Amino acid sequence: MYDDDDLAEIREAREEWEEETRDPVIDARGERKDRFATVSNLEVKDLYGPNDVADIDFEEDIGFPGEEPYTRGPYPTMYRGQTWTMRQFAGFGTAEETNERFHYLTDNGQTGLSTAFDMPSLMGKDSDDPLSDGEVGKEGVAVDTLRDMEILFDGIDIGEVSTSFTINPSAPVIFAMYVALADRKGVPRDELRGTFQNDMLKEFIAQKEWVIPPEPSLDLVTDTVEFAIDETPGIYPISVSGYHIREAGSTAIQELAFTLADGFAYVEDAVERGMDVDDVAQQLSFFFNSHNSIFEEVAKFRAGRRIYARIMDEWYDAEEDASKRLKFHTQTAGQSLTAQQPLNNIVRVTIQALAGVLGGTQSLHTNSFDEALALPSEQAVRVALRTQQIIAEESGAADSTDPLAGSFMVESLTDEVEEKTMAYLEELKEMGDGSVRDGVLEGIEQGYFHREIQEASYEYQERVDDGEEVVVGVNKYTVEDDPEPDLLHVDEEVQDRQLERLAEVKEERDDDAVEEALAALDSAIENDENVMPYVVDAVKTYATMGEIMDVFETHHGAYRETIGLAS
């Protein structure tokens, strides 16, 4: 963006500034740290200038919002047209309790619902399974049958509201229940809007929740994509999730690289099945973490859009503009929240949310300040939602599209993140002999991702332990008296109430219809058919989550991870 003569003059002027103005101050007063770096340990220079962005081509690398390479945002007006979707996680106890929280949030201005499920539901187990004992309704809502889904969305117009479901191994069953619910309510399937996380590759990489092995899990995800294209075009059947990769301890660059790799793997698998790349790409959404290093996070989001646009074009021959737009949801960093001095988390969440907005997210979840201690209380949820509303309505951050574009620091960091991310993507492609999908599967089998994330996490913790990385209230500015806020407690009777409802459903349903539906699902798996229509039929008979998932496990077996230790 500058000619060589200008750059030479600026370089000479900078050297003069360093010698005559900066260095004497450093000699006299020093600097507060020997090295300045982001949370991911990218070195931060004391000053950025034109020489740091000399190789950037404005039209090719930055451009304009709503146009390739989408560095500045997927849409031309961004938040000047409408703000991002504001979401808060909700899910605890029974369907009735979570339904009450849903209504509380929408009454307070939330524009999208996000559903958290308890561990048995996440793992495809029924509440009456011996392995579920003590976990029912504890970290999310318990959903065993369609009856729970009916109660969960009682009084909520699912044809109007956008709903996100944080669930993975058993996502096809929850997806089927939502479709069945729409059918029962008379809501056309093509009017449903929402997102299912359903990112099984990420599970094997980071979050570690699975039922069947990686390859049949990938086949099942691709079934949901095919079903969504045909039946529910307003639903994103996958939210390719870097969030949990980051929560497991990765760097921002690993988060971006591994998430994009997973997304490309889903594209490849669907295209190999015969689907059109443009149809597939437009059913994908992404989900990223936003951490404390505000400029690194903004750079990550901008670089992600640029990489995605170019790879969808050059590697996969996507033709439609919408296929090259990286659309994503952002959640503030749960891993950064501290149990010590929990009110400090409000400040952390505000910084992280602002980074998401400045980075151009389409949807945002702000964590509650008490989540390091318990499921969020109503007061904490309201503060988290108000944080988004203040950013949107009072800060001015939403008034200009990509307000940090042209910043020497942000553009330089965006380039650096892009370069390092592409190195990972090329490595994975090489591992798969030209296929990103095969490279990801090979990386899972070899424990590659585990080792990369483990090493990054260990190095970060070393910096915290050494005091190089400050965590306010934990390794600096600690206090002796740190009273706990009022916390949400899940009633121990929740499990009893859920078991009673499940027993009632099993007593009232037509057992012959259940057996027939499960047998049809079994046959569909055997014949390599798309299983989603059969899962929808099964949930309509009130077959349980566990009964349906057992059919898959019987066919494909369970999975045991290969553990690879960091060198």
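Modeller: Let's start with Glu 547 and Arg 509, whose side chains meet in a salt bridge at 2.8 Å, N to O. Keep in mind that this is a predicted model. Glu 547 sits in helix 22 (residues 545-556), while Arg 509 is in the loop between helix 19 (494-508) and helix 20, so the pair ties together parts that are 38 residues apart in sequence. Are the two partners buried or exposed? Glu 547 is partly exposed, because its relative accessible area is 21% and the cut-off for buried is under 20%. Arg 509 has 14% relative accessibility, so it counts as buried.

Salt bridges can also chain up: Arg 14, Glu 18, Arg 22, Asp 23 and Asp 46 are joined into one network by bridges that share partners. In total, the structure holds 37 salt bridges.

Here's another one to look for. The side chains of Asp 415 and Arg 306 meet at 2.7 Å, N to O. Asp 415 belongs to helix 16 and Arg 306 to helix 12 (residues 294-314), so this bridge ties together parts that are 109 residues apart in sequence. Arg 306 is buried, at 0% relative accessibility, whereas Asp 415 is partly exposed at 25%.

Arg 147 and Glu 150 form a salt bridge at 3.8 Å, N to O. Both lie in helix 5 (residues 146-152), three residues apart, which is about one turn of the helix. Arg 147 is partly exposed, with a relative accessible area of 23%, and Glu 150 is partly exposed too, at 22%.

Next, go back to helix 16, but look at its surface charges. Glu 427 is found in this helix, and it is one of the residues in a patch of negative charge on the surface, together with others including Glu 215, Asp 433 and Glu 529. Helix 8 (214-231), helix 16 (408-431), helix 17 (436-446) and helix 20 (511-526) each supply at least two residues of the patch. The largest share, three residues, comes from helix 16.

Let's finish with the rings. The structure holds 28 aromatic pairs. Phe 165 and Phe 196 make a stacked one, 4.6 Å centre to centre with 10° between the planes. This pair links distant parts of the chain, since Phe 165 is in strand 3 (residues 162-166) and Phe 196 is in strand 4 (residues 193-196), 31 residues apart. Phe 165 is buried, at 1% relative accessibility, and Phe 196 is buried with a relative accessible area of 1%.

For an edge-to-face pair, find Phe 175 and Phe 227: 5.7 Å centre to centre, with 85° between the planes. Phe 175 lies in helix 6 (residues 171-185) and Phe 227 in helix 8, 52 residues apart, and this pair also links distant parts of the chain. Phe 175 is buried at 1% relative accessibility, and Phe 227 is buried at 6%. Both pairs belong to one aromatic cluster, formed by Phe 102, Phe 117, Phe 153, Phe 165, Phe 175, Tyr 178, Phe 196 and Phe 227.

Terms used
Residues numbered from 1 in each chain as written. Predicted model: local features only at pLDDT ≥ 70, side-chain atom pairs only at ≥ 80, totals over all residues. Heavy atoms only, no water. Patch = residues over 30% accessible without salt bridge, like charges linked within 9 Å, V, L, I, M, F, W, Y side chains within 5 Å. Areas by Shrake-Rupley, 256 points an atom, 1.4 Å probe, with all protein chains shown as cover. Salt bridge = Lys/Arg side-chain N within 4 Å of Asp/Glu carboxyl O. Lys, Arg positive; Asp, Glu negative; His and termini not counted. Charge placed at Lys NZ, Arg CZ, Asp CG, Glu CD. Helix = DSSP H or I, 4+ residues; strand = E, 2+ residues; numbered from the N terminus. Buried < 20%, exposed > 50% of the residue type's maximum accessible area, 1.4 Å probe, protein only. Phe/Tyr/Trp six-rings, centres within 6.5 Å; stacked < 30°, edge-to-face > 60°.
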